[in-house]
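The sequence and structure are shown first.

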Amino acid sequence: MIGAFLMFFNILLLIGSLGMFYVPFLVGVLAICLGIWHERKKKVERKGRGWKYLMFSVIGILSLFAGFYLGDEMHLGYVIFKATGGPLTIFPFALIIYALLFSIGLYISRERSPGFVLKVFGISFLFLFLTFYGIMAYGAHEHYYAKAISVHKLSGAPSDCLNLTAEELERNPPLKEAILQAEENNIGVVSLYPKKWQRIEASLSRGALHAIKIGDEYYKIQFRCSLASQKLHEVPRGYVTVTNEELDDYPILKRGKELADKFADRGKPFEMSISLDEWLRIEDFLDKKGLRTIEISGEYYEFELISNLIVQKYYVNITEEELAEYPALKEVIELANKSENGRAGLKVHPDEWGRIGVFLDEKGSRNIKVGDEYYEVGFICA
């Protein structure tokens, strides 16, 4: 039953979207055809009307741009209709302006025959909507092709970097494991308890470890804490009750509940990043409760605390041969080398833009080393 309803709803949406294009077109064409038929039937003189048809074509175009200006630029669409985009922002104002200009056009033309009125209505109405579709098509085209690559030439190694000896690495197995994974898979992810990570940082005499150097290789270090929350649609076997007053003392937990409510139909937990201190505080609260499946005001939620050590290569080596296979990347690097501030950007075809992104993702970093120079590559889209 639900599936049939969803299918019917999707069909209505499809018909509505097609109707936005075809109905105005059919209305305009039908009005022109009726006007021609009426004037032929009445044998109306039709000479010397070229400038009048042109005037009504311009009326249709101007009406749409006036609707854009009033509804979007002057924000009247939001003020009156609370619309922040779409046809409701534009068309109420465009149609009002259209009605006024159309009336003025009829007065100037000094023609009142039904056939003429139908024809110029159809012409102006078609131009109004054809202008709208043209602008939408142009916007979609520009959005698709608005892809660029930026390059920032870097001075070299990261300044906040810790030189790590082989002996120090051996004394910190989680860090070693993550680095070995990064060597093999371009990224290393190791599940690690936050307090253990704090002990590793303390043993290396660093309050916040962001980058390390081992031999000639640099690595980015990130310790990520997150809270996963999911709303349960059935009563679980085991759970503990948490009051709203208790929840008010833990705003992150409360936010997790709100996100679980919002994304209840996605079928998997919603994960959000939190600070290490927040992670430990929530863990202490849930441990005291005894379970991480909780009941709040008759609803049931599953919470999970996740903490991972993530290691990536800070730079990846790109050979001249590899660079030659990506001419757009090579060109923007050359532009960055020539610029005074070491920065450059280049608009590229979407296919090439995506191909370069995949290449660097497979390499494991968007910070690259070519010869003896270091660069940061960015990807820009509309």
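Does histidine 349 count as buried, partly exposed or exposed? At 39% relative accessibility, histidine 349 counts as partly exposed; here buried means under 20% relative accessible area, exposed over 50%, and partly exposed in between, with a 1.4 Å probe and protein chains only. Histidine 349 lies in the loop between strand S11 (343-347) and helix H14 (350-363). Its C-alpha atom and that of leucine 280 are separated by 47 Å, the two residues being 69 residues apart along the chain.

The model is predicted: local features need pLDDT of at least 70, side-chain atom pairs count only at pLDDT 80 or more, and totals for chains, interfaces and linings use all residues. Residues are numbered from 1 along each chain as its sequence is written, and side-chain values use heavy atoms, with hydrogens and water left out.

**Strand pairing around S9**

Helices (H or I, at least four residues) and strands (E, at least two) are DSSP runs, numbered from the N terminus. Two strands pair if DSSP finds at least two bridges between them. Strand S9 (residues 299-313) pairs in the antiparallel sense with strand S3 (residues 187-191) over five bridges. Strand S5 (residues 217-232) also runs antiparallel to S9, joined to it by 14 bridges. Valine 311 of S9 stands opposite glycine 188 and also opposite isoleucine 221.

Strand S8 (residues 293-296) is joined to S9 by four bridges, again in the antiparallel sense. Glutamate 295 has tyrosine 300 in S9 as its bridge partner. The hairpin of S8 and S9 has two residues between the strands, and there serine 297 takes a positive phi near 50°. Serine 297 counts as exposed, at 58% relative accessibility. Histidine 75, in the loop between helix H2 (50-73) and helix H3 (76-81), likewise has a positive phi, of about 60°, although it is not a glycine.

**Aromatic pairs**

The structure holds 24 aromatic pairs. Rings of Phe, Tyr and Trp (its six-membered ring) pair if their centres lie within 6.5 Å; planes under 30 degrees apart count as stacked, over 60 as edge-to-face and the rest as tilted. Phenylalanine 91 and phenylalanine 132 form an edge-to-face pair, because their ring centres are 4.9 Å apart and their planes stand at 65°. This pair links distant parts of the chain, with phenylalanine 91 in helix H4 (residues 87-109) and phenylalanine 132 in helix H5 (residues 114-145), 41 residues apart. Phenylalanine 91 is buried at a relative accessible area of 10%, and phenylalanine 132 is buried at 8%.

Tyrosine 239 and tyrosine 300 are likewise edge-to-face, with ring centres 5.0 Å apart and planes at 75°. Tyrosine 239 belongs to the loop between S5 and strand S6 (240-241), tyrosine 300 to strand S9, and 61 residues separate them. Tyrosine 239 is partly exposed at 35% relative accessibility, whereas tyrosine 300 is buried at 14%. A cluster linked by ring pairs includes Tyr53, Phe56, Phe91, Tyr98 and Phe132.

**Charged side chains**

A charge sits over a ring if NZ of Lys or CZ of Arg is within 6 Å of the ring centre and within 35 degrees of the ring normal. The charged end of lysine 147 sits over the ring of tryptophan 353, 5.6 Å from its centre, and arginine 266 lies over the face of phenylalanine 263 at 5.8 Å. Lysine 147, in strand S1 (residues 147-154), is buried yet has no salt bridge; aspartate 351, the nearest side chain of opposite charge, is 9.1 Å away.

A salt bridge is a side-chain nitrogen of Lys or Arg within 4 Å of a carboxyl oxygen of Asp or Glu. The whole structure contains 16 salt bridges, including those tabulated here.

| Lysine 176 | Glutamate 170 | 2.5 Å |

Arginine 255 is partly exposed at 41% relative accessibility, as is glutamate 258 at 39%. Salt bridges that share partners join Lys231, Lys257, Asp261 and Glu299 into one network.

Conventions. Lys and Arg count as positive and Asp and Glu as negative; His and the chain ends are not counted.
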